[in-house]
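Subject: A structure for you, with notes

Hello,

Here is the structure I promised to pass on.

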Amino acid sequence: LFSTQSSGSLAALLICPNQVVHEELVAALTRLGHTPSLDVAAYPPPRALAEVVEARRPNIFFIEIGTDLRQGLALIAGAAALSPAPAVVAVHSSGDPDLILRAVRQGAAEFLFRPFQAGQIAAALERLARLVLKGRSDSLSCAMIGVPSKNASTEWRSTPTPSGPSDSENT
């Protein structure tokens, strides 16, 4: 069910209580060739993040913050405080600059918003892969981990990414 972090693998945790955002994000990831296997449909207590990291070793967290902004931001801060800290992607239904700034101040490395566009997600995943894997360009295997959803499949894969800088890093 879960990838390991050896050989350039990424393990991701999706926390998304908003069903509409969840379905659209998963569909966008699937169109990019990333098939989520598991996710969390409710906000866990921030203290539970340490247990998840210890048991599953995710190095990327996707956290939807629109359902409850206070809880979502607390989860981002909690994830950023973990050791080792995973890369955090804040997810919301809008690209409001104030929300983006608040999420980044809490520790988010990326911010995705609706409508989820393939280019936006692909660029974010590429930057996260370089961040998490420190520039390694080997094949990436990502597994969404957490509580199984109704539509769960096994894992998602990404094509190798170049390790050099790209124009998308400067945006």
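**What I found**

Helix 5 has 16 residues, 118-133, and at 1.5 Å a residue they should span 22 Å; the C-alpha atoms at its ends are 22 Å apart, so the two values agree. The expected span here is 1.5 Å times one less than the number of residues in the helix. Helices (H or I, at least four residues) and strands (E, at least two) are DSSP runs, numbered from the N terminus.

Before the rest, a word on the source: this is a predicted model, where local features need pLDDT of at least 70 and side-chain atom pairs count only at pLDDT 80 or more, while totals for chains, interfaces and linings use all residues. Residues are numbered from 1 along each chain as its sequence is written, and side-chain values use heavy atoms, with hydrogens and water left out.

**The chain as a whole**

The chain has five helices and six strands, which run β-α-α-β-α-β-α-β-α-β-β from the N terminus on. Of its 171 residues, 44% count as buried (buried is under 20% relative accessible area, exposed over 50%, partly exposed in between, with a 1.4 Å probe and protein chains only). The chain exposes about 8,300 Å², and carbon and sulfur atoms supply 54% of that area; the areas come from the Shrake-Rupley method with a 1.4 Å probe, and for residues only the protein chains shown count as cover. If you look at contacts (heavy atoms within 4.5 Å) between residues at least 6 apart in sequence, 73% of them join residues at least 24 apart.

**Back to helix 5**

Which residues of helix 5 are buried? They are Gln120, Ile121, Ala123, Ala124, Leu125, Glu126, Leu128, Ala129, Arg130 and Leu133. Lys134 follows the helix, and its phi is positive, near 55 degrees.

In the loop between strand 4 (110-113) and helix 5 you will find Pro115.

Phe111 and Phe113 form a ring pair: their centres are 6.5 Å apart and their planes are at 45 degrees, so the pair is tilted. The count of aromatic pairs comes to one (rings of Phe, Tyr and Trp, the last by its six-membered ring, pair if their centres lie within 6.5 Å; planes under 30 degrees apart are stacked, over 60 edge-to-face, and the rest tilted). Phe111 is buried, with a relative accessible area of 10%, whereas Phe113 counts as partly exposed at 30%.

**Helix 3 and its surroundings**

Two packed helices are described by the angle between their axes and the distance between the axes. For helix 3 (residues 69-80) and helix 4 (residues 97-106), the axes come within 8 Å and cross at roughly 35 degrees. Leu69, Leu73, Ile76, Ala77 and Ala80 of helix 3 make the contact with Leu99, Arg102, Ala103 and Gln106 of helix 4. These residues divide into seven nonpolar, one polar and one charged (Ala, Val, Leu, Ile, Met, Phe, Trp, Tyr, Cys and Pro count as nonpolar, Asp, Glu, Lys and Arg as charged, and the others, Gly among them, as polar). Axes are lines fitted to C-alpha atoms, for helices over the stretch in contact, and angles run from 0 to 180 degrees between N-to-C directions.

Ala80 is partly exposed, at 31% relative accessibility. Ala80 and Gln106 are 26 residues apart in sequence, with 7.5 Å from C-alpha to C-alpha. Leaving aside neighbours within four places in sequence, Ala80 is in contact with Ala85, Gln106 and Gly107.

Ala85 sits in the loop between helix 3 and strand 3 and is partly exposed at 46% relative accessibility. Pro84 lies in that loop, between helix 3 and strand 3 (87-92), and a cis peptide bond joins Ser83 to Pro84, with omega about -5 degrees.

Beyond its neighbours within four places in sequence, Gly72 is in contact with Tyr43, Ile63, Glu64 and Ile65.

Enjoy exploring the model!

Best wishes
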